[in-house]
Amino acid sequence: MSKIVEVGPAGYMPQSAPSMGVELAPEGSALLYGNTVTPEEAMRDAAIALLTRKNPTIFPGPQVLWDWKEDVAEKSAAILDLASEIPNCKIIPMPDYRPKYPKIDVKAEINPNHPNLTILDNRIEACIFVGVHCHYANLTLRMIRAGTNCYTVALCAYMGHEEAMASIRDLHASDIAKFKEIVIEERNKLGIKWETTLPPENPSLPKEDNSTLSPADYGEYRSLIMTKKGEHITDSE
Amino acid sequence: MSAMTRPVLNKKQVEMNYLLHEAPREKHFITGAQAMSEAVKRANVDMAIAYPITPQSEVMHLVGDVFAQGHIKEYYRAEEELGTMSAIAGASRAGVRLFTATSGPGLIRGLEAIASWPGHRVPAVLGILTRVINAPLSIQPDNLEMAYMLYSGAVMLHAENQQDTFDFTLAAFAIAEKVDVYIPVAVATEGFFVTHAKGYVNMMSEDLVYKEFDPVASPVPAMDNETPPARIQRDAPVQKSNFMSYLIHSVWQQEIWDSNSRAMKYIYEYLGGPIEVQNPGSDIMILASGCAAAQAREAHRYAQEEGLSVGFVKVKAIRPFPKNEIREALKSAKKVIVPEHNIVGWLCTEVKAAIPNGGIVLEGPRVFGGMTLPVELIMFEIYEALGIEHNIKL
């Protein structure tokens, strides 16, 4: 198979995958290095990358971080299951799409405006995008291909992403479960011994004390919290 | 008129493919303006916003009637075109299906906002009923304004006649709202020549309507205040002076043009492709879009009657521009004639750039300022290109 879309770094200002002739896979198919293949083929290649490349990481986006739609909780649970089967897999969320100024906490999150910072700082060489809105996923995947050597996997609820090395479309929880099974099969084939354990604590996050929480503690997400009657939050962005 | 006094309609929601390709149709004799408003009637539009300008005012007046009949949920006249197009962008954030239309100077006035729509992922449908834009003031048809739209990032369709105006407008909603496209679709046609002239239009029953807009099926967060992902700020300014800010803007621009090119498969699905070709392989090919294609079609018919080696290409999609299809259609041509309703010849320039032997493309014939495009003008070019003696005096 000729690879149209390859692991980067592709350079300063690379051509987009669609402009190189890559088209989104039709229903029932997937993309692997810009070629239309079966979902299983794409999943196997992605599984091997996640098992053999350094610091595999899952980047869950807003669409799977909040329980906002009927099928989301099931999908999110399946993502956690998948993560537990990839040795030393990290989960670094993309909770929103605003550029993080003056400085992003690269251990705690990734952002579509400067994804390279998180990828490079954590030396991530294989990652999964899931639950990121398609527009932002396309931007981020292209920037990662431009400036890093990270193998990208896109798990998409809609039509997939040309920029990812492996792209699965029309994603349901059952597809994630299937991907997990393929990861286990490939892991066994590679002879990698792995037992799921709880992840280590993120050193960049302070210990939480939920007993004294106030809306201010939610920072930029405080608008998600219902304010109390008469309460007035004075500081704004 | 308040929503309370308008009738509540109970229409059957169907897929666009059924509407365009399967639903039974009846022949009507209507103007282009009526055709566009009849398409809007069947498109299940949530909101229309516009500011009147001739010749668009005919369309938006009729859309106002369609609103009063209950086919559209909300409609208002904005303060002017920049306000109109900005309001469309704002309404889009609320996750609704949108329609607006304008003409000539109105398009130019609204262009700042329109050029921002693709980057903001606004899947609205914009009717462009072409009109002179340059001084001295004139309300007559001339499609120079389309040249200003070419690099906006929007998908652009150019309708030849009343039937095209109906079909293209209806299809535009489905194309614009595809998750892998999700940018505005402009449907242009010539003012007066099409908008105010009657032609036969086959239309499906108005009891059928395109399925409801789904604000969640979107490549950007839907502005639904009841669900958390909506609270995420979209399209944050990336104006910081550093490499990553430049890079995000550049990949963003790439994404808009990629989205534009992804529209091509839907142009095939709904409109049978971006071009129509008759007699490929002829020595002379006449290539035209919009209502110039109607005159080119007629010139092609004359040429057939005279047994001349003349073919015809109608370009339906201006963006994405069908380079490959045009290259294929013109591969055997010795000369290409491009009749246009503007002085700059924007279609001619596009065609020259699309084929490897651009020198075979003749400049014109062109009419502008509202002048009609007589078939004889095209026949003159055909005879000249073929070296045939003729007595056409222009």
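Predicted model: local features only at pLDDT ≥ 70, side-chain atom pairs only at ≥ 80, totals over all residues.

Entry 1: I started at Tyr33(A), which is buried, since 20 other C-beta atoms lie within 10 Å and 20 or more is what counts as buried. What is phi of Tyr33(A)? I get a value near 50 degrees, which is positive although the residue is not a glycine. I then checked where Tyr33(A) sits, and found it in the loop that runs from strand 1 (30-32) to strand 2 (35-37) of chain A.

Entry 2: Is Arg121(B) buried or exposed? It is buried, with 24 other C-beta atoms within 10 Å. Its loop links helix 5 (104-116) to strand 6 (125-130) of chain B.

**Entry 3: chain A as a whole.** I stepped back and went through the elements of chain A, which has six helices and seven strands. Reading from the N terminus, I wrote the order down as β-β-α-β-α-α-β-α-β-α-β-β-α. The radius of gyration is 18 Å, close to the 18 Å that the globule rule gives for 237 residues, so chain A is as compact as a globular protein of that length. I also noted the span of the C-alpha trace along its principal axes, about 65 × 40 × 35 Å. Of the 237 residues in chain A, 45% are buried. Among contacts in chain A with a separation of 6 or more, 64% are between residues 24 or more positions apart.

**Entry 4: cis peptide bonds in chain B.** I found a cis bond between Thr54(B) and Pro55(B), with omega about 0 degrees. Pro55(B) belongs to the loop between strand 3 (47-50) and helix 3 (56-68) of chain B. I noted another cis bond from Gly364(B) to Pro365(B), where omega is near 10 degrees. Pro365(B) is in the loop between strand 16 (361-362) and helix 12 of chain B.

**Entry 5: helix 12 of chain B and its partner.** I followed chain B on to helix 12 (residues 375-386), whose axis comes within 9 Å of that of helix 9 (residues 291-305) of chain B. The two axes cross at roughly 55 degrees, and the helices are therefore oblique to each other. The crossing is right-handed. Which residues of helix 9 of chain B meet helix 12 of chain B? I listed Gln295(B), Ala296(B), Glu298(B), Ala299(B), Tyr302(B) and Ala303(B), and facing them in helix 12 are Val375(B), Ile378(B), Met379(B) and Ile382(B).

Key
Residues numbered from 1 in each chain as written. Chains lettered and ligands numbered in written order. Axes fitted to C-alpha atoms, helices over the stretch in contact; angles between N-to-C directions. Helix = DSSP H or I, 4+ residues; strand = E, 2+ residues; numbered from the N terminus. Parallel < 35°, antiparallel > 145°, perpendicular 65-115°, else oblique. Left-handed = near helix turned anticlockwise from the far one by under 90°. Contact = placed C-beta atoms within 7 Å. Rg over C-alpha atoms; globule rule 2.2 N^0.38 Å. Buried ≥ 20, exposed ≤ 12 C-beta atoms within 10 Å, placed from the backbone.
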